[in-house]
Amino acid sequence: MEEIDREATKNEINYRGIRAMPFVIGNETFEKLGTIGSSSNLLVYLTSVFHLKTITATNIVNIFNGTCNFGTLLGAFLSDTYFGRYNILGFASVSSFLGMLVLTLTAAVSKLHPPICGNQEPAPVCVGPTPGQMTFLLVSFCLLVIGASGIRPCNLAFGADQFDPKSESGRRGISSFFNWYYFTYTFAVMVSLTVIVYVQTSVSWSLGLAIPTIMMFLSCALFFVGTKIYVRHVPKGSPLSSVAQVLVAAFKKRHLQLPEQPCYSLFNYVPSNSLSSLLPYTDQFRFLSKAAVKTPEDQINSSNGSAVDPWRLYSIQQVEEVKCLLRVIPIWVAGTIYYVSIVQSQNYVIFQALQSDNQLDHNNFHIPPASFIVISMLSITIWLPIYDRVLLPWLRKFTGKEDGFSLLQKMGIGIFLSIVTMIISGIVEDRRRTLTMTRPMLQMTREKGVISSMSGLWLIPQMALSGLSEAFALISENEFFYKQCPENMRSIAASFFFVGLAGSSYLSSFFSSVVHKTSNWLAEDLNKGKLNCFYYLIAALEILNLGYFLVCAKWYKYKGVAM
């Protein structure tokens, strides 16, 4: 049981539950509207307003997203070890607001962005940003990175902290909060990729960026207004220290032999205040079990039976907890490689849309290129209730499993669907480029080239499949980390997801740069490149990843419970 800040309670924790939810949910909703509204259309903003080259803008966005996600590990560590979730969330929220404000100024103040492209023939002349303008832009990105690093690992856990996990009403409240959390996320993505993106591309960039900034200001205001009723946990310490202690203790005793019956002979101390369930002994990572071999030099506290020096002797129960964390890493690697296909499909579908016919029928309404990403969200939203209400009951009877498919099976299905997505994306791009050569439209995009007569609606299948792939792999991976990691390591486990996204963003940026330097596949004008070949290359990478995942899934042992 965590110690509680004296400001939150005197003798016992005063859970406010539902009373705190208007502030927590309001903060969550406005925060997501702000952050997603600012970041979802960055590619178009960097190429159309700052006149950056496609590959440069793509790499900047990939590095920005990767740093935001990788920073969650640092945010979780600082929250659990030093400052607590409330302080980190407050600081990060203000940082995000300032970042959005600076980003809005780059659009609203003419001296903070390059001038509009000239109308010279045969091609418009576009001037790139000055070092000062680029520095001001990067300052906004740095502030947004600091904000995301603190908000993403803490906001979900902070909301759940407001309910009593020991009471029935508290447990129902936690479940309800999780539902509202993902609902607000989906709502924010829908609004950002439709309304806000439309305002940015069709009305005004300064207004389109000011709206998310106002949303973030309201998020900060709601968060601080509810300060007096929040439950605030004092940080207890990071589980990363447990991992380090097990590794050091095992290394010091690397020359010792394990007993014939390790589960009965190894040091097995369980703290009385431990929240983790007891785990059975496993043979995987046997060398770590040596950390629990008791020698004459090891001293035991007479008061509670714990080891005096945890860097020399560690309980086998805690060693098994570390093993659980290490076992998920190979699966995490497969998930990181899987995200590469998702990142690339969402990045380059925007450029495909820019050079496709996005006009609906014969009216003047054009679908904003970034709004095509919302198709993947719609696919997830439609699929989940169908799977839960229609397919799952039948799968339970057919497979005899409560969830229909195991978590690893669902992840494997998601990776397979990503391969199909990349192949279809390549076929559609080949068709788009062919129609550009045979039946081009009279319009041209600045710096991009001729617009194909292919309707942008042909991009819907690849995005729908991308969303279906995420519904299987992404959600299952989140659930996998939550269920398979020990209870006291779930904050770190939650960061795994974002660190995986970070790795995929960096890997995507590296992959794109190598392909761009060694071929003409990713040309500024897609009509002069071979984006379809790039999609096929990603499909080949995912085929190798699927093989690697199947090997890891066969090796993996699900976490058990000691009898």
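**A nonpolar patch, a bent helix and the cysteines**

Q: Which residues make the nonpolar surface patch of about 420 Å²?
A: In this predicted model, the patch is made by V94, L98, L101, L105, V109 and F224.

Q: Which helix gives the most to that patch?
A: Helix α4, residues 85-108, gives the most, with four residues.

Q: And where does V109 lie?
A: V109 lies in the loop between α4 and α5, the latter spanning 131-160.

Q: How accessible is V109: buried, partly exposed or exposed?
A: V109 counts as partly exposed, since its relative accessibility is 34%.

Q: Turning to helix α11, where does this helix bend?
A: Helix α11 covers residues 374-399 and bends by about 50° at L391. A proline, P393, follows within four residues of that bend.

Q: Which α11 residues are buried?
A: The buried residues of α11 are V374, I375, S376, M377, S379, I380, W383, Y387, L392 and L395.

Q: What follows α11?
A: The helix is followed by G400, which has a positive phi, near 75°.

Q: Changing topic, how many disulfides does a search of the whole structure find?
A: The search finds zero disulfides. C68, for instance, is in no disulfide.

Q: Which cysteine sulfur is nearest to that of C68?
A: The nearest is that of C142, which is 9.9 Å away.

Q: Is C68 buried or exposed?
A: C68 is buried, with a relative accessible area of 1%.

Q: What about C533, buried or partly exposed?
A: C533 is partly exposed, at a relative accessible area of 23%.

Technical notes: Residues are numbered from 1 along each chain as its sequence is written. This is a predicted model: local features need pLDDT of at least 70, side-chain atom pairs count only at pLDDT 80 or more; totals for chains, interfaces and linings use all residues. Side-chain values use heavy atoms; hydrogens and water are left out. The bend at a residue is the angle between axes fitted to the seven residues ending there and the seven starting there. Helices (H or I, at least four residues) and strands (E, at least two) are DSSP runs, numbered from the N terminus. Buried means under 20% relative accessible area, exposed over 50%, partly exposed in between (1.4 Å probe, protein chains only). A disulfide is a pair of cysteine sulfur atoms within 2.5 Å. Patches are made of residues with over 30% relative accessible area and no salt bridge: like charges are joined within 9 Å, nonpolar side chains (Val, Leu, Ile, Met, Phe, Trp, Tyr) within 5 Å. Accessible areas come from the Shrake-Rupley method with a 1.4 Å probe; for residues, only the protein chains shown count as cover. A salt bridge is a side-chain nitrogen of Lys or Arg within 4 Å of a carboxyl oxygen of Asp or Glu.
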